[in-house]
Amino acid sequence: MSTRTLPLLFINLGGEMLYILDQRLRAQNIPADKAKKVMNDIITTMFNKKFLEELFKPQELYSKKALRTVFDRLAHASIMRLNQASMDKLYDLMTMAFKYQVLLCPRPKDILLVSFNHMDAIKDFVKDTPSILSQVDETYQQLIEMYTPLSNGEFQLIRQTLLIFFQDMHIRVSIFLKDKVQNSNGRFVLPISGPVPRGTQVPGLIRIFSCAGEELTRLQFKNGGNYSSALREGSFELFGDRVTKLGTNMYSVSRPVETHMSGASKSSAQHTKVNAAPNPLAKEELNLLARLMGGLEGQKPGSTDNGFRVNLFATDEEEEEALISRPDELSYGVINIQATKDQQTNAELAKIMGEFTESGDQSPSASSKGDDLLAMMDGL
């Protein structure tokens, strides 16, 4: 497993989350000032310096549950609230969109261009807020310095790590189904046409050489697709044309987006439950979560009058039905950090445990903003 995958996974999932929330805020006619505050608060938290220091440290990729807990916290970093069904749908859309982008990357290195497209969009969200923009630019430089020197082999390892992370996720998304890029079982349809990867040639020619390196003969064959020569190289600089459209906002044209559990997902989840075994990395996952969450600064309590709820479904009834019908095995429960010896041996973990469990000491305004994650989830 690659130790450089986590920052790219976080940045790309975070970018997709912002695309979706921006679309829903507009669809629900949330006042512009409140919508802007939500986006600014989430981006400020995403690019918090202490948080990113932990994120960029060399570390293995851990469970979906740990990352889901971080995104729960991020989504509730402002005055916006999401019920559990809407949060489940948000995370499903985020993960399936990025999974599709990873699958479509012509070269493993193009994952970095996808990440830069997300970063470009995030910068655009906060272009009128210089203080937040500087946070984003600083992270941009970190990404450039860390990833542009990597070899093709290292990017291949990152791509394989991401695909392993996503391999059991087969959520059907209405946009993908309508565009016929996803089958009814939730698996994606990969194209057999379009430009070939940069640095390669259109398939269809076999050249045979002698031991001396002289070309002896050429054989033509049908490649079975409709390929074209590679497009120009995308820019890996702070500013530039990324060329690829992967990682850009697919919600820019307003279309209803629904997610559905496929039969394959249900059966695989049940299979996972039956064969569940103690995870030897459980302690490491908790420590990862503690470090990441320790980097998220708590938001100052605000007036409950300013809070509002966002529904990712067409109606409240649909949201309630989705929550009831979703199999328990597929719900991303919040990690419950037990009060054990870790309280004495790991001060950071103990601090996070305290933040998660002190629901009785919080003011109503703080609870309404989701600052206490367990209290927030218990109330859904």
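Colleague: What makes helix 5 mostly covered in this predicted model?

Modeller: Buried means under 20% relative accessible area, and 19 of the 21 residues of helix 5 are buried.

Colleague: How do you know what span to expect for helix 5, residues 84-104?

Modeller: The expected span is 1.5 Å times one less than the number of residues. For the 21 residues of helix 5 that gives 30 Å, and the helix reaches 30 Å from its first C-alpha to its last.

Colleague: Why is helix 1 called largely enclosed by the rest of the structure?

Modeller: Because 21 of its 23 residues are buried. Helix 1 covers residues 5-27, and its end C-alpha atoms are 33 Å apart, which agrees with the 33 Å it should span. Just after helix 1, N29 takes a positive phi of about 55 degrees.

Colleague: Why is C105 called buried?

Modeller: Its relative accessible area is 6%, and the cut-off for buried is under 20%, so C105 is buried.

Colleague: What makes C211 count as exposed?

Modeller: Exposed means over 50%. C211 has 91% relative accessibility, so it counts as exposed.

Colleague: How many disulfides does a search of the whole structure find?

Modeller: The search finds 0. A disulfide needs a pair of cysteine sulfur atoms within 2.5 Å.

Colleague: How do you know that strand 4 and strand 5 pair?

Modeller: Pairing needs at least two bridges. Strand 4 (residues 205-209) and strand 5 (residues 215-220) have 5, in the antiparallel sense, so they pair. I206 has L219 in strand 5 as its bridge partner. The hairpin has 5 residues between the strands, and G213 takes a positive phi near 90 degrees there.

How values were computed. Residues numbered from 1 in each chain as written. Predicted model: local features only at pLDDT ≥ 70, side-chain atom pairs only at ≥ 80, totals over all residues. Heavy atoms only, no water. Buried < 20%, exposed > 50% of the residue type's maximum accessible area, 1.4 Å probe, protein only. Helix = DSSP H or I, 4+ residues; strand = E, 2+ residues; numbered from the N terminus.
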